[in-house]
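Please look through the sequence and the model below before reading on. The paragraphs after them are meant to be read with the structure open.

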Amino acid sequence: MKKTRLLQLMGLLLWGFLSMFGLQVYAADLASGFVYRLVHQSSGLVLSNGNNPENDAQIMFAQSDSEAWGQEWALVGLTEGSDEYALVNPTCQKAIDMAPTLNCMVQWTYTGTNSNQTFLIAPVEGESGLYQLLNAHNPKQVLTMIQDGSGYKARMGTDLGAASTFFRFEKVDRKIDFPCAGLYYQIKHVASGEVLSNGKSSETGTRISTEPFQAGNNAQIWQLISGNTAYIVKNPAYRDLAIDFALESTQTPLQWSVNTSNANQNLSFVSVAGRTGVYQIYAIKNNVKYYLKGNPSAYTTTTTDASD
């Protein structure tokens, strides 16, 4: 541990290396980026994964419990300007999956591109605050409740007029501090407290820097989308240009046109032990990890030293 690299950050996180970054979700609208309990209107039960973090955990209906993390679901907007969302559990980071070949819905690894995880959230006509969760790719299918010997389960049905398909969304006081395709973020450099920015440039080749946070500055707002092997981090306000580590040349992060197969743009986020919401960000070339390194009020660079 290089103690000369340690700085205090605003009392939120005690210490941070220069290659550590915190994620703060930027909600693009009134729904995406917030966490909810989904309350079944007829029964009062809520959707739950039973506090099971594994893939294939069944989505059940359970009594509401404020201590149950398995009842919390983040709305993640998938298509700009639409009502299409994924429902992602913030604790296990798995999404509700319609699982058309099974007899009930399950949770599965969230990718941002899985059609079985894409819901169209539609208000119920004449019913204030009630919604239906439709299959975005087949809106004749709707999330409903079924019962078998093991309890009440979630499954897609076809009776769009049934009251058993009506839900309320109860907001949970919880922030999203993990990377999730489809959401918007400010990416804060832990050591300096500054955030990543493209300097309000729409030009390819512009270097990525850290600078003091400025409210309303779209150059500091980044959207995560799915790449071939990791996340693409792009700026939607500036031609959707993506952070590119330029590993074949300068190895200095800059912005470039999105290419989901470009290894320089496929950025992985690895959580830092003991620091909630803090990550190191890296790209891989020839099996070597190159970490993003912040330099206060200056251009970012890369390093192969994870402890730097």
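What follows is a walk through selected residues, salt bridges and a pocket.

The model is a predicted one, in which local features need pLDDT of at least 70 and side-chain atom pairs count only at pLDDT 80 or more, while totals for chains, interfaces and linings use all residues. Residues are numbered from 1 along each chain as its sequence is written, and side-chain values use heavy atoms, with hydrogens and water left out.

Asn-89 counts as buried because its relative accessible area is 0%, where buried means under 20% relative accessible area, exposed over 50%, and partly exposed in between (1.4 Å probe, protein chains only). The side chain of Asn-89 reaches two backbone atoms, namely the oxygen of Trp-69 at 2.9 Å and the nitrogen of Cys-92 at 3.1 Å. When neighbours within four places in sequence are left aside, Asn-89 is in contact (heavy atoms within 4.5 Å) with Asn-49, Trp-69, Gly-70, Glu-72, Trp-73 and Lys-94.

In one of them, Glu-72 pairs with Arg-174, the closest N and O atoms being 2.6 Å apart. This pair links distant parts of the chain, 102 residues apart, with Glu-72 in the loop between strand E6 (60-62) and strand E7 (73-77) and Arg-174 in the loop between strand E15 (167-172) and strand E16 (184-189). Glu-72 is buried because its relative accessible area is 8%, whereas Arg-174 counts as partly exposed because its relative accessibility is 29%.

Another salt bridge joins the side chains of Asp-148 and Lys-153, at 2.8 Å from N to O. Asp-148 is partly exposed, with a relative accessible area of 30%, while Lys-153, at 4% relative accessibility, counts as buried. A further salt bridge is formed by Asp-308 and Lys-293, whose closest N and O atoms are 2.9 Å apart. Here too the pair links distant parts of the chain, 15 residues apart, since Asp-308 is in the segment after strand E26 (301-303) and Lys-293 is in strand E25 (residues 288-293). Both Asp-308 and Lys-293 are buried.

Next comes a pocket. On a 1 Å grid over the protein atoms alone, a pocket is an open set of points where a 1.4 Å probe fits, with protein on both sides within 12 Å along at least five of seven lines, and its lining residues have an atom within 4 Å of a point. The second largest pocket holds about 300 Å³ of space. It is lined by 21 residues, of which Gly-77, Leu-78, Thr-79, Gly-182 and Gln-223 are the closest to its centre. Strand E19 (residues 222-226) gives the most to this lining, with four residues.

Leu-267 is found in the loop between strand E22 (254-256) and strand E23 (268-271), and it counts as buried because its relative accessibility is 2%. Although Leu-267 and Gly-227 are 40 residues apart in sequence, their C-alpha atoms are 8.4 Å apart in space. Leaving aside neighbours within four places in sequence, the contacts of Leu-267 include Ala-230, Tyr-231, Val-233, Ile-243 and Phe-245.

Phe-245 is also among the residues that Thr-252 touches, together with Arg-207, Asp-244 and Ala-246, not counting residues up to four places away in sequence. Thr-252 lies in the loop between E21 and E22 and counts as buried, at 15% relative accessibility.

Most residues other than glycine have a negative phi. Asn-51, however, has a positive phi near 60°, and is found in the loop between strand E5 (46-48) and E6. Asp-240, in the loop between strand E20 (231-235) and strand E21 (241-244), likewise has a positive phi, of about 55°. Asn-51 counts as partly exposed because its relative accessibility is 34%, and Asp-240 is partly exposed at 34% as well.

Notes
A polar contact is a pair of N or O atoms within 3.5 Å; within protein, one must be able to donate a hydrogen and the other to accept it, and residues adjacent in sequence count only if both atoms are side-chain atoms. A salt bridge is a side-chain nitrogen of Lys or Arg within 4 Å of a carboxyl oxygen of Asp or Glu. Helices (H or I, at least four residues) and strands (E, at least two) are DSSP runs, numbered from the N terminus. Grid points are joined across faces, edges and corners, and a volume is the space filled by probe spheres set on the points.
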